[in-house]
Structure formats: structure tokens, C-alpha cells
Amino acid sequence: MTASGTLESTAAARPMPSLAAFTQRVRGSMMNDDPATAAYDRIMRRLGISIGIAGVIVGGVELPEVAEQGRSNPAWWTVLAVVLAFGWYPIISVVSAVSGPRAIRFVCGCAAVSFLGALASIPFGLHLHTVDSTTVWPYRVTALAVTAAVLAWPTRLTVAYLLVAATSAAAATVYTVPALTTQHVAENFLRSAGLAALFVWCGTAATGAAARVDRESAIASRRAAAQAAAVARDRERSRFAALIHDAVLSTLLEASRAGTQSDVLQRQAERTLEQLEEYRGEERDPDLLDARSAVLFLRAAVHEINPSVRFATRTWPGYDDLRMPVHSASTIAAALSEAVRNSLRHAAVPGREVRRTVTATVSAGSIRIVFTDDGAGFDLSAVSADRLGLSMSILGRMRQLAGGSAFVESQPGEGTTVTLVWGGDGSR
């Protein structure tokens, strides 16, 4: 979008960024993808580190059984299955320690899919009923793989993965272990699925609780910012009222009583004019939000409508210098909320879930909000000019805001992008 080009061109024009600026940018892209989700980020990292370490420990514990079953199996399959079943867990630990939730979700998803690959390779590497044991060893790793899936995917997809993994593990045991009864097969499936379900419940409860903490924290911060701004406005009104009463009215009263020119009245009038000039020239910004408060404010507005909308934040060097009036933040929040509501009403696509994302890009003197969905989309030329949701609640509202502007891009079947810009000249 346009604001992105403005920000990126500004950054590119700088001759050679300093090491500190480069480090801050890298840290912002890796660790602060969504700084308004502190509790969720922490629980994701801790769970990721725990799962990674657990995978390494389980791999070590299973090595004797792997070696024992490997005597009657091809060596290439044993090596391949061990790599597929356990190879991702050291990576998960490292990524969880140094990166953010997005990278953690990716590597955990790779670990979960890789485990299915280990199960799928069994018919190609092992012969029917050749394992002299109660189960083939990948069966015992099912719960670990399902736990990785908890961090990688939404709950419904994780539950589907649980059923697929437990069924595949039970089927692998039927294929490799001789003399199994139907009861043994059912017990193997229920044991695997039951243990995995316990980990799914624990992981989902932990991440859900962290997300709720962040959501409530954002709402509380938004309310606190609005309350602080109201208190500051009241304080300014009281101060101005006192100045009017103590200086202006007093001077006017003396002027009404003085029949002739008075030196005292002249000095009092001069002092009153000086006070009014000082008051007018002061830098009074009682309603300003810093960068983090502005992001929390906007994020809370989105998640009050739909908590499932992903809200990501990107920062440029100097973003800490941003100061946004509460009035401007409220206007942007109202326009952004309308964009989200419009998407929820009109962007649905039968047969699949529509993904919605808000990305806030913050720099020293501006903020750009981009809301995107991959839904039905629409033809902009076919939208009536008097459609209030688009022309008034989004475009009109932002264009009436000093330094603000808004742009909408959409095509039928290609989703919709709404860009809100504040700061600078507000242009593309």
C-alpha cells in the first residue's frame, strides 16, 4: 500500500544505518512482531522450549528400543524414522529461545508433519508382522507429536491431527506386530489418543489463558488511556477557568471601576495579556499516547469486535518518539472497527474460513494500519457513493482527521485491503 512505500523509501534513503538501528530493526522483526501479546508470547516460548527438551529426552529414552527393533529392520529406515520423529525437537528449543510465536508455530508444525512421515514410511521399510514387541517404537512418540501440533495450529485442526496420528500409530502397530487382537488394537488407539488429548487440553488451556490475559490487559490499557486523557482535559479546563477568573475578570472589573487612566490597571492588564500569551504558547498535549499505548488502544478496539483477528505490529527506528492524540487514536479505532465489521458481514466464503489480519507499522511520526482479509472481495466501482459504511465511517472519517487518510483496495474473489494512515501529510 502507499504508506508502506513511504516508510520503506524513507528507510532506504538513509546512507548506512548504524549498528544500533540495524539491531533494533532485527529485534523488532524477530521478537516484537506483536508486542501487545506479552503473556501469549511468553507462554509460547516456554512451551516451545519445554517441548523441544522433552523431544530430546524422549529420543534418548527410546534409543535402546529403537536399537533393539532396528536389528530386524533395514538400517536406512531406522535412521530415517529417527530423524523424522525426533530431528525437529532440538530446533524447536533453539527457535523458541531466540525467536517469536510465528517461527515457533512453523517449526512445531514441521515436527508434527514429520512424525506422520515417519509413520507413513513404515510399510516401505518394514515387512508385515516383523517386530517382536507389543508396539512399534514410533507409536510411543504420538503424544509428543500431538503436543507440538498444539503450538502449531488452531484447536480444531489439532484435534483432527490427533485422530489421524493416533489412528496411524495404531495401524502401524497392527502392520508390524504379530498376533494382535481387536481388543489390543482398540486399547492401543484409546491409550494413544487419550494421552495425546490430555496434552491438547493442557496446551490449549495455557495458550487460551495467556491470550485472554493479553486481551483484558489491552482493554484495560485503552480505558486507562482514555481516563487519563479525560483527567488531563479537566485539569486544563480548571487551569484555564482559574486564569480567566483570577486575571481576566479581575482586570475587567478594575477597568469598569476606574474612571480615569490608572497605572495599576495598566500593569494588571499587561500582566494578564502576558499570562494569556504564555498559556497560548505552551506545549500542552494532555491527550497524547505513546507508540505502545496507541497500539494497545487500536488492538483492543479490534478484539472487542472479534478476538480471532490477528494483530501484528512492525516498528521502525525512532518509533518511541510517536505521540498520538487520543482523539486521533479514537478516530482510527472507529474506522478500523468499521472495516472489521464490514469484513465479518460481507467477506464470508462458503466452505472455508476467511483469514483476517491487522498490521500496524509505527515510525517516529506516523502510524499505518493495514487490515486485510482473503474473503469474497467486491468491485469498488459497483459500490454506491452513499454507502455509509465505506464512504463515511471509513474514508470520510479518516479524511476529516488532521494528517489522516484512508484507501480501500478490493477485487471480487481476491479479498479486501483497507489502509489507514495518520501522521506526516497522510498521503500515499
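The legends below describe several close-up views of one predicted protein model.

Residues are numbered from 1 along each chain as its sequence is written, and side-chain values use heavy atoms, with hydrogens and water left out. Because the model is predicted, local features need pLDDT of at least 70 and side-chain atom pairs count only at pLDDT 80 or more, while totals for chains, interfaces and linings use all residues.

**View 1. The whole chain and its confidence.** The protein has 14 helices and seven strands; helices (H or I, at least four residues) and strands (E, at least two) are DSSP runs, numbered from the N terminus. Of its 428 residues, 43% count as buried. Buried means under 20% relative accessible area, exposed over 50%, and partly exposed in between (1.4 Å probe, protein chains only). The average pLDDT, the predictor's confidence in each residue from 0 to 100, is 80, and 74% of the residues score at least 70. Over residues 1–35 the pLDDT is below 50, and this stretch has 49 contacts in the model beyond near neighbours in sequence. A contact means heavy atoms within 4.5 Å. Where pLDDT is low, the predicted coordinates should not be read in detail.

**View 2. Aromatic rings around Trp137.** Rings of Phe, Tyr and Trp (its six-membered ring) pair if their centres lie within 6.5 Å; planes under 30 degrees apart count as stacked, over 60 as edge-to-face and the rest as tilted. By this rule there are three aromatic pairs. Trp77 and Trp137 form a tilted pair, because their ring centres are 6.2 Å apart and their planes stand at 55°. Trp77 lies in helix α4 (residues 75–86) and Trp137 in the loop between α7 (122–125) and α8 (142–152), so the pair links parts of the chain 60 residues apart. Both Trp77 and Trp137 are buried. Ring pairs join Trp77, Phe86 and Trp137 into a cluster. Beyond four places in sequence, the contacts of Trp137 include Glu62, Val66, Ala81 and Ala85.

**View 3. Two nonpolar cores.** A nonpolar core is a set of buried Ala, Val, Leu, Ile, Met, Phe, Trp, Tyr and Cys residues joined through side-chain atoms within 4.5 Å. The largest has 42 residues, of which Tyr89, Trp137 and Tyr161 touch the most other members. Helices that each supply at least two residues of this core include α3 (38–70), α5 (88–98) and α9 (155–176). The largest share, eight residues, comes from α8. Another core lies apart from it, with 37 residues, among them Phe297, Phe311, Ile332 and Leu390.

**View 4. Thr173 in helix α9.** Thr173 has its place in helix α9. Thr173 has a relative accessible area of 0%, so it is buried. Leaving aside neighbours within four places in sequence, Thr173 is in contact with Thr134, Thr135, Val136, Tyr139, Leu180 and Asn188.

**View 5. The five-stranded sheet.** Five strands form an open sheet of mixed pairing, in the order β2-β4-β5-β7-β6. Two strands pair if DSSP finds at least two bridges between them. β2 (310–315) and β6 (404–410) stand at the edges with a single partner strand each, so one side of each is left without a neighbour in the sheet. Strand β6 and strand β7 (residues 416–423) run antiparallel and are joined by seven bridges; the bridge partner of Phe407 in β7 is Thr419.
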